[in-house]
Amino acid sequence: MNINIISRVNGFDGSGSTLVPFSWQFQISESDALIALVSPSKIKVVTPLGTKLISDEVYGGPSSFLSDWFLSKSILDNNYYLWMIPSSSSFLLSLTSINDVTLFTISVDDLHFEGVKNFKEPIPQLIDETYAFNFTIEASPWLIVTPNTGTGATILTIVPQPTASMTAGEYVGYVNIKNGATIISTINVTYSLYDFVESPYELGEKAFTLDTKYFNFKSANSDTYFQTNAIIKVYDFFTNTSKIFQVPQKVVTFETTAKLNLGRIIHRLMRRFATVNINELQYKFTELQLNVIEKLILNDTVVKNVTSDVIYFVAGLSKEITNIGFLDINPKPNRVTTNSFAYLNILIPSGTYVLKIFKNNAHIPLETIVLPNSDGKIITKKILFDSYNQGDIIDVVLDNTTTPLDSPPTKRYLVFPEGKYSCMVVWENEYLLQSATESTGGYTIKTDIEIQSQKVYKDFVEILENLSTSKEVKLNISTGWLAKTDIDSIESLMRSKKAWLIKNNQIINLRTIGKSILNEDSDRELIDFNLEFQINRSYDEETYSL
């Protein structure tokens, strides 16, 4: 923008006889002066010989009387003046007179942003300036500027709205810095929002590996393909030890579109826990960054190249969970007895959270469990039921201590009578975490021994020689009466890849084989399953008695 000169005065040295002017004084308006004080290093002097930055041509400035140029408000007439000493600049001395200075200009750098809808958010840009007035911000509605008021030294952060709330396209906007009703400075802003690749995951929310969601690709024409490289960072359980995998793939479009699911790949790469554990902090969220390059099929010329923001993944299905909730494939009530325990796997953001215990709809404050800082990990809490009675209904409510949740996640347990038998089965669930159920019915253990042998002749007599033996041990357990709302939990157990039976402080490694219904009481909505497992032995000679 232009800074117009209201008047100009030649200043001389003290004797008044020196022909070379000691200083040039240019009166400018208050509004122009306020702009110039915001960005003094960007003031240019315009002359017939060219346009130059004053800060490049004249030493010092802009507010010190000891400098060779300065900008200040006169105490004599309250007007604003820009002073320059031409003798300190060969460029100014080459001018014929003060009248060769036609005007001053000042430019605030234009800003440009780029983003990819639901994939790559634009990077905020900072404007670091000092404002000698109380300023307010006026900006295009698709821009976010913070702070929007202030005075003095200020860093303005400028960024477009989240890509999810905008339509792809080219945007032209502005940021006006105002002193009252007067616009002191304008920053021109342009924004290119693309949509050639789109993420199915919401900004700031956790993604889940087993959700059927796809990255969608869209080309402007049919002669390109997409080269993707998924950079996946997984963490070991209980530690921050990480490993990075790279999964490159080529995605070819059909009628200019294509889609790609990475959740299942990430699920297979995520770490597993080895055995039953009592750790509170389980694993850190897996991190994904997806690099996408659109190339011409003919010669691999790069058309577009973008890398996504980091997407944080949790194993399993979201089941309407975003950033807070219980990671349980079965949100319905579970049957327990006073001999049971349950694992609550908890996803929480940063903040202070607790588990509130309600017995028969009555809050029990003394049993409140304060959760640790999640530190970007899944939390597991082991819940015991030995202090409750048959018939109790126990609700565990996850809540925030600072700002209570409107609809806090709740898990319900129904306390059933104790059975003749009791053993706990723990398994790795869909979230790669521990779940547990108590079996209160009977059990059978069947051992099949297979002998490999051969027949040989000794002294013309056929004899049998045993070469080796192998053993297979199968365990059948009756769950005892369960609530029908437990069916999803039993299905989860039978789908699991790893399970353990805990009895009398003994941990037996199991692998699921199948299940069948032993009994069903439709009137009371109860069901009893027979669960079949194979026992993975530690050594061939190992025997079992429960």
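**Asking why: cavities, salt bridges and strands**

Me: Why is Asp195 called partly exposed?

Reply: Asp195 has a relative accessibility of 30%. Buried means under 20% relative accessible area and exposed means over 50%, with partly exposed in between (1.4 Å probe, protein chains only). The 30% of Asp195 falls in that middle range, so the label is partly exposed.

By the way, this is a predicted model, where local features need pLDDT of at least 70 and side-chain atom pairs count only at pLDDT 80 or more, while totals for chains, interfaces and linings use all residues. Residues are numbered from 1 along each chain as its sequence is written, and side-chain values use heavy atoms, leaving out hydrogens and water.

Me: What makes Lys218 and Asp195 a salt bridge?

Reply: The rule asks for a side-chain nitrogen of Lys or Arg within 4 Å of a carboxyl oxygen of Asp or Glu. For Lys218 and Asp195 the N to O distance is 2.9 Å, and the side chains meet the rule. Lys218 sits in strand β17 (residues 215–218) and Asp195 in the loop between β14 (182–194) and β15 (197–198), so the pair ties together parts 23 residues apart in sequence. Strands here are DSSP runs of E with at least two residues, helices are runs of H or I with at least four, and both are numbered from the N terminus. Lys218, at 40% relative accessibility, is partly exposed too.

Me: How do you know that Arg495 forms a salt bridge with Glu430?

Reply: Their closest N and O atoms are 2.6 Å apart, which passes the cut-off. The pair links distant parts of the chain, with Arg495 in helix α5 and Glu430 in the loop between β34 and β35, 65 residues apart.

Me: Is Glu430 buried or exposed?

Reply: Its relative accessible area is 12%, under the 20% limit, so Glu430 counts as buried.

Me: What makes Lys515 and Glu491 a salt bridge?

Reply: The closest N and O atoms of Lys515 and Glu491 are 3.2 Å apart, again within the limit. Lys515 lies in strand β40 (residues 506–521) and Glu491 in helix α5, so parts 24 residues apart get tied together. Lys515 is partly exposed at 34%, and Glu491 is partly exposed at 30%. The structure holds 17 salt bridges.

Me: How do you know that there are cavities, and how many of 30 Å³ or more are there?

Reply: On a 1 Å grid over the protein atoms alone, a cavity is a set of points where a 1.4 Å probe fits but cannot get out, and lining residues have an atom within 4 Å of a point. Points join across faces, edges and corners, and the volume is the space filled by probe spheres set on them. The search finds two cavities of 30 Å³ or more. Of its 26 lining residues, the closest to the centre are Asp328, Asn334, Ser435, Ala436 and Ser489. Helix α5 (487–495) is one of the elements giving at least two lining residues.

Me: Why are β21 and β25 called edge strands?

Reply: They belong to an open sheet of four strands, ordered β21-β31-β27-β25 with antiparallel pairing. Each of β21 and β25 (325–326) has a single partner strand, so one side of each is left without a neighbour in the sheet. Pairing needs at least two DSSP bridges, and β25 and β27 have two.

Terms used. 1 Å grid on protein atoms, 1.4 Å probe; cavity = no way out; pocket = protein on both sides within 12 Å on 5 of 7 lines; lining within 4 Å.
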